Amino acid sequence: LLKRGDFLKPANLVGASTPMFLNKMPKDAPANRLGFAKWLTSREAPTTARAIVNRVWQAYFGQGLHSTPEDFGTQSNKPTHPELLDWLAVEFMEPSDKSASPWSLKYLHWLIVKSQTYQQSSIVTKELAARDPSNKWLARGPRFRVDGEVVRDVALQVSGLLDSTVGGPPVYPPIPEFLTQPPASYGPKAWPESTGKDRYRRSLYVFKFRSIPYPVLQAFDAPTGDVSCVKRTRSNTPIQALVGLNETIFTEAAQAFGLRLMTEGGTTDTERIKLAYRLCASREASEVEVKTLTEFVKKQTAKFSDTKANPWVVAFRSSEQYKLLPNNATPAQLAAWVATARIMLNLDETMNKE
C-alpha cells in the first residue's frame, strides 16, 4: 500500500489474494494465474458463469438478463429473470446432458437457440407493445440491428465476395487517405490497402490502429480499441445509410450482387427479385415487393440506356467483370440491377436480426 497514493511512501506489503467476500481460493490452487483461473471457475464462484451466460444471452436478444453486464455489484439493477440466469449458469458449469463438456460455450449456444423463447416470432403486435414495449419480459423473439462487423459481412456474403479463410494476416480495407496522416493521426502510418480476395475477408480480421478506428465499423457503433467494452450502444443515424449506399466495400458488394442476380437469378425480373429476397431477407418476396422492384428495374434500365448516362461507372468494378456479363445483357441492364442490389443490401430486414 502507498501512503496517500505516494509511490515514495510505501507502507504495508500486499500479496496476491482474492476478495474476502467472495468464494475462497481452492486449497490446491497456486498463487499465480493458474490458481486465479481455478478460483474463477470454481463451483463456488458466484459470478463467472453468470457473467458469461449474460453476455451470450445479450448477443442473442440484444439485452442481457442482467441489464448492466459491466456491473454485477450490489448497486446494479437486479436481473429480470434471476432463476433463469442461475439455471443457465449451473447448466453451463455442469451440463445435465452428459455428452456435453463443462463450460462448453457450444452447449450454451445450443440451449438458447433451441428454446421456445428464442424461437418466438419477432412481430410486435399492439397488445405486445403495450405489455412489453422493450421486450424486457421476452414476450416476443429478438429483433435488432446486428453489430457493425456483421453488417459488413452480410453484404459480402450476399454478394458472393466473402472470403471465409480462417486465420492469416490482417486485412486493410479501403479508407480515406487523410486518416493515416496528421492531424487525423498522431503521425504518418502505413496502410497497405488489401487487394484481391483478401480485400473481402471477414471483419474479424480488419486491422485497426488504436487511434484510427475503421470508419465503416465505427459508423455502426463498433467500439474503439483504446477502452474496454462489454455492452455496445446501438444507434440509427443518417451516416449509417450513407455508408451502406456509398462506402467503397458496400459499393463493390452491390456491383457483385447485381451481377450475381443476373447470372444466377434466372431469366426474368421476377425470378431475380425473388432470389434477392431469399438471400437478403431469408424469405419469399411478396407480390407488392416484386411489382415495386420490377418497376424500379425498368425505370433504371431506361435511365442507363440513355446516351447521356454512363452505366459502366455504376456496373463494373473492373474491366474483367465485363467478361462475366451474361449473353445478350447490356451494361445498362447490369447498372439497373446494381441499383436494385444497393436497395436490397440496405433494407431494414437485411441489417436486422429477427
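A residue is called buried when its relative accessible area is under 20%, exposed when that area is over 50%, and partly exposed in between, using a 1.4 Å probe and protein chains only. The structure examined here is a predicted model, in which local features need pLDDT of at least 70, side-chain atom pairs count only at pLDDT 80 or more, and totals for chains, interfaces and linings use all residues. Residues are numbered from 1 along each chain as its sequence is written, and side-chain values use heavy atoms, with hydrogens and water left out.

Charged pairs come first. Side chains of opposite charge can pair when their charged atoms come close. A salt bridge is counted here when a side-chain nitrogen of Lys or Arg lies within 4 Å of a carboxyl oxygen of Asp or Glu, and this rule gives 14 salt bridges. One of them joins Glu94 to Arg43, with 2.7 Å between the closest N and O atoms. Glu94 sits in the loop between α3 (82–93) and α4 (105–113), while Arg43 sits in the loop between α1 (33–40) and α2 (48–61), so this pair ties together parts that are 51 residues apart in sequence. The helices and strands named here are DSSP runs, numbered from the N terminus (helices: H or I, at least four residues; strands: E, at least two). With 58% relative accessibility, Arg43 is exposed, whereas Glu94, at 41%, is partly exposed.

A further salt bridge is found between Arg143 and Glu354, whose closest N and O atoms are 2.9 Å apart. Because Arg143 lies in the loop between α5 (126–131) and β1 (144–145) and Glu354 in the segment after β2 (352–353), the pair ties together parts that are 211 residues apart in sequence. Arg143 is partly exposed at 38% relative accessibility, and Glu354 is partly exposed at 45%. Both residues also belong to a network of salt bridges that links Arg143, Asp348 and Glu354.

Arg283 and Glu349 form another salt bridge, with the closest N and O atoms 2.7 Å apart. Distant parts of the chain are linked by this pair: Arg283 is in the loop between α10 (269–281) and α11 (287–305), and Glu349 is in helix α15 (residues 348–351), 66 residues away. Arg283 is partly exposed at 27% relative accessibility, as is Glu349 at 25%.

Cysteines complete the picture. A disulfide is a covalent bond between the sulfur atoms of two cysteines. Taken as a pair of cysteine sulfur atoms within 2.5 Å, disulfides number 0 in this structure. Cys280 is buried, with a relative accessible area of 7%, whereas Cys229 is partly exposed at 32% relative accessibility.
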